[in-house]
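Subject: Structure for you to look at

Hello,

I am passing on a structure for you to look through. Please open it beside this email and follow along.

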Amino acid sequence: MNAKPLLLALLLLPGVLHAQQKPSPKKPAAPAAKFDPRQRPRNLTDDQLLDMVQKQTFRYFWDFGHPVSGMARERSNVAYDYGNEVVTTGGTGFGIMAIVVAADRKWITREQAATRIYKMVRFLEKADQFHGVFPHWLNGETGKVIRFGAKDDGGDIVETSFLMEGLICARQYFTGESGVERDLRNHILWMWENVEWNWQTQGGQNVLYWHWSPNNGWSMNHQIHGWNECLITYVLAASSPKYAIDKPVYDQGWAVGPEFKNGKEYYGIKLPLGPDFGGPLFFTHYSFLGLNPHGLKDQYADYWQQNQNHTLINYQYCVENPKHFKGYGPNTWGLTASDSYQGYAAHNPKEDLSVISPTAALSAFPYTPEQSMKALKHFYFDLGDKIWGEYGFVDGFSEEHNWQAKSYLAIDQGPIVGMIENYRTGLLWKLFMSSPDVQRGLSKLGFESPALKK
């Protein structure tokens with residue numbers, strides 16, 4: 001079975017296409033005072049605006065984190081009839097990176113950040129896991145798996161890779177000798193070493209499989225082929241201290257997907273890898289919160305060129321606006337997976353519902369700083385009364401349909417904080433790429449990078 005992008009899997013869930021944003025039956029973990037976007041500060045420099053957006057978005061993970069586990073909630077609204085306890089492993093990885101950013105920018109103390117992440121790690125150590133691999137969703141109170149699909153009730157190696165991406169950044173950041181930092185490093189190491197990446201080859205095949213369940217075994221049979229958001233999964237699988245894959249798994253599993261090589265031009269911009277027009281922009285975000293694409297190359301691509309060109313194609317499509325949707329243009333662009341007026345959808349030029357997802361342009365700051373800043377200013381200053389809220393920008397909006405989401409999603413809010421920080425300081429890139437395990441894994445797979453020690 002050909003690999004599908006992670007978020008496209010959501011479209012297979014019953015009722016997702018028409019999921020309604022229902023109010024929580026319980027009191028939400030949000031400020032008591034009603035947030036009024038009309039009161040947002042207006043006279044801001046570019047740096048102040050970036051500060052504001054990062055800090056406000058970070059609150060999704062800090063103020064709205066699950067009170068028992070500390071982990072990131074899947075979304076701010078109740079959906080799919082799962083209630084308030086759903087936490088996301090991948091979104092938590094992105095949230096951990098946001099907390100590291102917050103500590104470095106002194107929005108919270110270093111000790112507060114380490115203590116919160118340690119709380120998550122201790123919870124995860126007791127939570128359901130399968131050969132060291134965590135499920136997509138957990139109950140944030142009990143640690144029990146919450147089924148993501150009919151047979152998806154076991155380990156999810158892609159979500160686990162996003163979680164580990166964040167934990168590796170945290171381990172490289174918290175190098176102090178205080179008790180909590182020392183304990184945090186040790187427990188992250190044990191958890192990292194415990195993930196059986198090679199188990200996901202289903203008996204030694206040269207490909208990684210997305211899911212395994214004690215109830216359903218390998219019956220989902222979902223091989224992970226490129227190009228999509230899963231490069232980080234193969235890199236970490238090669239980097240594992242105890243359960244690593246070998247290079248043929250990467251070459252014969254990841255690099256052989258039907259949408260791996262592209263080589264065509266769109267709007268005069270060459271796209272080395274991926275589906276036509278590049279697909280949703282989260283392909284350029286999730287793996288690259290930690291992986292520094294600057295100078296990152298292997299036999300298949302230059303990943304800076306890949307990500308920048310993918311982003312520019314997405315931008316140019318919105319400027320050209322072939323469907324003539326209201327609002328699209330140089331100041332309003334960015335198609336990626338998010339909520340829409342029809343439910344959840346993997347927005348991209350081949351699936352354009354008129355919905356702009358703020359995370360798309362904002363998480364693209366490293367690749368398209370001028371275009372992203374224009375979008376940010378328009379979103380904040382001109383559209384902010386409708387799309388700016390207590391956790392930053394809402395998940396999506398459509399001027400064509402006069403619709404704005406009321407929701408925030410962990411997997412969309414996290415990359416905004418992390419990728420803007422990588423644009424500003426490279427913090428997460430420096431941390432992740434400094435891991436000796438990551439360096440070993442990248443070298444094993446044949447990558448070049450200025451960050452690799454000779």
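Below are some notes on an annotated domain and on a few helices.

This is a predicted model, in which local features need pLDDT of at least 70 and side-chain atom pairs count only at pLDDT 80 or more, while totals for chains, interfaces and linings use all residues. Residues are numbered from 1 along each chain as its sequence is written, and side-chain values use heavy atoms, with hydrogens and water left out.

An unreviewed UniProt entry annotates residues 221-436 as "domain: Glycoamylase-like"; such annotations may be inferred rather than shown by experiment. This stretch is 37% helix and 9% strand (DSSP runs of H or I, at least four residues, and of E, at least two, numbered from the N terminus). Its end C-alpha atoms are 32 Å apart.

Helix H10 (residues 369-382) spans 19 Å from first to last C-alpha, close to the 20 Å expected (1.5 Å times one less than its number of residues). Its buried residues (under 20% relative accessible area, 1.4 Å probe, protein chains only) include Met 373, Leu 376 and Phe 379.

The axes (lines fitted to C-alpha atoms over the stretch in contact, with angles from 0 to 180 degrees between N-to-C directions) of H4 (residues 157-173) and H6 (residues 231-239) come within 9 Å and cross at roughly 70°. H4 is therefore roughly perpendicular to H6 (65 to 115 degrees).

Regards

Note on methods. Buried means under 20% relative accessible area, exposed over 50%, partly exposed in between (1.4 Å probe, protein chains only). Angles under 35 degrees count as roughly parallel, over 145 as roughly antiparallel, 65 to 115 as roughly perpendicular and the rest as oblique.
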